[in-house]
Protein chains: 2
Amino acid sequence: MYQDEYSLLRAFISNFINVTEDEWKLHRDSLTRRFLKKGEFLLRAGQVCDHVSFVTKGYLRVYSVINDEEISNYFFFENNYATDYASFLTRKPSDTSIIAMEEVEVLQLNYSNMQMLYEKVPSWQKYGRLMAENVFLIAEARAKTLQHNSPESLYVKIMQEMPQVIERVPLQYIASYMGIQPESLSRIRKRLMEEKRVS
Amino acid sequence: MYQDEYSLLRAFISNFINVTEDEWKLHRDSLTRRFLKKGEFLLRAGQVCDHVSFVTKGYLRVYSVINDEEISNYFFFENNYATDYASFLTRKPSDTSIIAMEEVEVLQLNYSNMQMLYEKVPSWQKYGRLMAENVFLIAEARAKTLQHNSPESLYVKIMQEMPQVIERVPLQYIASYMGIQPESLSRIRKRLMEEKRVS
């Protein structure tokens with residue numbers, strides 16, 4: 001059990017690097033706690049994403065608008081960072097928006113504090129490397145998944161690898177994430193449930 | 001002018017971090033120089049990618065085979081690392097192959113030497129972070145580009161951002177990279193040249 005949301009983040013970091021009490025204090029003091037209502041934006045397209053936001057409660061949806069159509073690109077759940085890391089790294093305006101899908105609480109670290117930690121905390125470089133490797137693996141897997149999978153096998157993959165998406169995200173956003181119509185997703189779900197019943 | 005291929009790599013690294021003479025020697029001694037003929041494989045699908053290979057001469061093509069069809073995913077030119085970084089990081093078999101498109105020379109650093117450098121060279125963590133951020137930005141840009149662009153605007157983007165692809169890669173592989181037929185790419189090229197002539 002965690003005493004508070006800061007302990008949740010500390011435990012997360014400890015999975016990757018060792019931080020001393022002083023280093024943790026430095027990091028903790030550089031965080032801003034933020035609360036979002038359902039439907040509030042963590043980031044709007046056109047803004048530079050100036051923070052990485054560790055989610056301690058609720059979840060968020062990343063989407064872009066293409067030809068007047070909203071495409072869901074990703075979902076961020078508790079115990080992970082929500083950010084447009086490309087915009088964060090390049091300091092260029094984001095082309096996506098990040099919206100709270102429930103009541104959301106985050107601990108935000110902004111860009112200049114991130115650079116401060118890279119300078120002052122030796123192990124933070126390693127942490128940054130592991131985080132960057134992780135977002136790379138996610139981006140790569142997403143690109144390959146969309147390129148190579150039939151919608152049905154893609155849905156099975158999401159069930160296995162991102163069960164929270166299936167459990168918590170409304171159907172229309174999952175369909176949009178998969179690049180298909182909600183009706184097609186309903187048919188896939190029905191078919192998979194029938195197969196399950198038979199086997 | 002560079003005296004040799006090792007100096008090329010050293011200059012590349014110096015763009016990102018400062019390394020002492022001893023650190024550079026440690027790195028240099030952990031490299032393997034490798035020569036590939038045109039058509040030789042740096043990596044075959046099914047193998048774990050155990051190295052990052054700094055290209056000092058020639059270029060390579062990354063492709064995967066999907067439904068018996070060869071899809072070109074990426075191209076690696078001189079003065080960059082060729083690797084399947086996802087396979088390298090996760091130690092899982094690659095689903096892509098990397099093939100030499102010309103006579104190729106690389107300086108290879110294998111996985112265990114990479115870990116050795118992370119341990120022994122303090123600034124190497126920062127280098128690893130910057131490299132991971134870079135491959136993330138490439139993977140993200142590729143996913144977005146394929147998702148959002150018409151073939152014509154995609155081609156213009158490649159011309160601007162990866163001119164070497166246009167100059168050096170045979171048409172059929174560029175078409176495959178763009179996810180279109182070679183004939184469609186020929187039409188796009190013709191149209192763009194006519195526009196240029198008019199304007």
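Predicted model: local features only at pLDDT ≥ 70, side-chain atom pairs only at ≥ 80, totals over all residues.
Reader: Within what arc do the buried residues of α2(A) fall?

Author: Helices (H or I, at least four residues) and strands (E, at least two) are DSSP runs numbered from the N terminus, and in α2 of chain A, residues 21-29, the buried residues are E23(A), W24(A) and H27(A). An α-helix has 3.6 residues a turn, so residues three or four places apart point the same way. With directions taken from the helix axis to the C-beta atoms, the buried residues of α2(A) line one face of the helix, because they fall within an arc of 100 degrees.

Reader: How many residues of α8(A) are buried?

Author: Helix α8 of chain A covers residues 171-178 and is largely enclosed by the rest of the structure. Its buried residues are Y173(A), I174(A), A175(A), S176(A), Y177(A) and M178(A), so the count, out of 8 residues, is 6.

Reader: With the side chain of which residue does the side chain of T96(A) make a polar contact?

Author: T96(A) sits in the loop between α3 (85-90) and β7 (97-100) of chain A, and it counts as buried because its relative accessibility is 4%. Beyond residues up to four places away in sequence, T96(A) touches (heavy atoms within 4.5 Å) several residues, including L43(A), Y63(A), N73(A) and, from the other chain, K144(B). A polar contact is a pair of N or O atoms within 3.5 Å, where within protein one must be able to donate a hydrogen and the other to accept it, and residues adjacent in sequence count only if both atoms are side-chain atoms. At 3.4 Å, the partner of the T96(A) side chain is that of D84(A).

Reader: How far apart in space are V52(A) and A82(A), C-alpha to C-alpha?

Author: V52(A) belongs to strand β3 (residues 51-57) of chain A and is buried, with a relative accessible area of 5%. Among the residues in contact with V52(A), leaving aside neighbours within four places in sequence, are A82(A), F88(A) and M114(A). Although V52(A) and A82(A) are 30 residues apart in sequence, their C-alpha separation in space is 6.1 Å.

Reader: Which element of chain B gives the most residues to the side that touches chain A?

Author: The contact takes 29 residues from chain B and 29 residues from chain A, and Q125(B), R129(B) and F136(B) supply 24% of the area that chain B buries against chain A, more than any other three residues, where buried area is the accessible area (1.4 Å probe) that two parts lose on being put together, summed over both. The elements giving two or more residues to this side of chain B are β4 (60-66), β5 (69-76), α3 (85-90) and α5 (124-148). With 17 residues, the element that gives the most is α5(B).

Key. Residues numbered from 1 in each chain as written. Chains lettered and ligands numbered in written order. Heavy atoms only, no water. Buried < 20%, exposed > 50% of the residue type's maximum accessible area, 1.4 Å probe, protein only.
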